Amino acid sequence: MDTILKKETFECNRYCGECCKKLIVRLTKADIERIRKLGYEDEDFVERDLVYRNKFVLRTEKEGCIFLKRHKDGTYSCIIYKNRPKICGQYPFFAKNLVGSCLPNKVYPSAFVSFSKK
Ligand code: SF4
Ligand code: SF4
């Protein structure tokens, strides 16, 4: 059984990168500005949302978010961690203060059921 995670005390402790591999990250204008200031061009990290064409999301590659780095020991980290999109900092507590797991298939079980049916 999963332990209940609390927003106030949550720390990523597996560094499995699952959240950054599986989820689509919506970007705000402020996120885009902040990441541009790190020296990235828009074509490096911004894509148009496929559903909401006036919105933007982070670019992904085969292993997920383009800012996700795999280390030799198999763990993952974010190379723009201090400047990551706001929504990344909120994960997995978007509307709640308690969640059962930070794994994306548990945070969004219905989304994963419909993906697997395709
Ligand atoms: S899924 Fe959870 S444990 Fe894995 S990297 Fe994301 S926050 Fe950390
Ligand atoms: S920007 Fe960083 S924290 Fe956000 S999805 Fe990409 S690797 Fe993960």
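Me: How many helices and strands does the protein have?
Reply: Helices (H or I, at least four residues) and strands (E, at least two) are DSSP runs, numbered from the N terminus. The protein has 6 helices and 9 strands. With a radius of gyration (over C-alpha atoms) of 15 Å, close to the 13 Å from the globule rule (2.2 Å times the number of residues to the power 0.38) for 118 residues, it is as compact as a globular protein of that length.

Me: What should I know about the model and its numbering?
Reply: This is a predicted model, in which local features need pLDDT of at least 70, side-chain atom pairs count only at pLDDT 80 or more, and totals for chains, interfaces and linings use all residues. Residues are numbered from 1 along each chain as its sequence is written, while chains are lettered from A and ligands numbered from 1 in the order in which they are written.

Me: In what order do the strands of the open sheet lie?
Reply: Strands of a sheet pair through backbone hydrogen bonds, either parallel or antiparallel. Here the order is E2-E4-E3, with antiparallel pairing (two strands pair if DSSP finds at least two bridges between them). Strands E2 (26-27) and E3 (46-48) are at the edges with a single partner strand each, so one side of each has no neighbour in the sheet. E2 is joined to E4 (residues 56-58) by 2 bridges, and Arg-26 stands opposite Val-57 in E4.

Me: Which residues surround ligand 1?
Reply: A residue is near a molecule if its C-beta atom, placed from the backbone, lies within 6 Å of it. The shell around ligand 1 includes Cys-12, Cys-16, Cys-19 and Cys-102.
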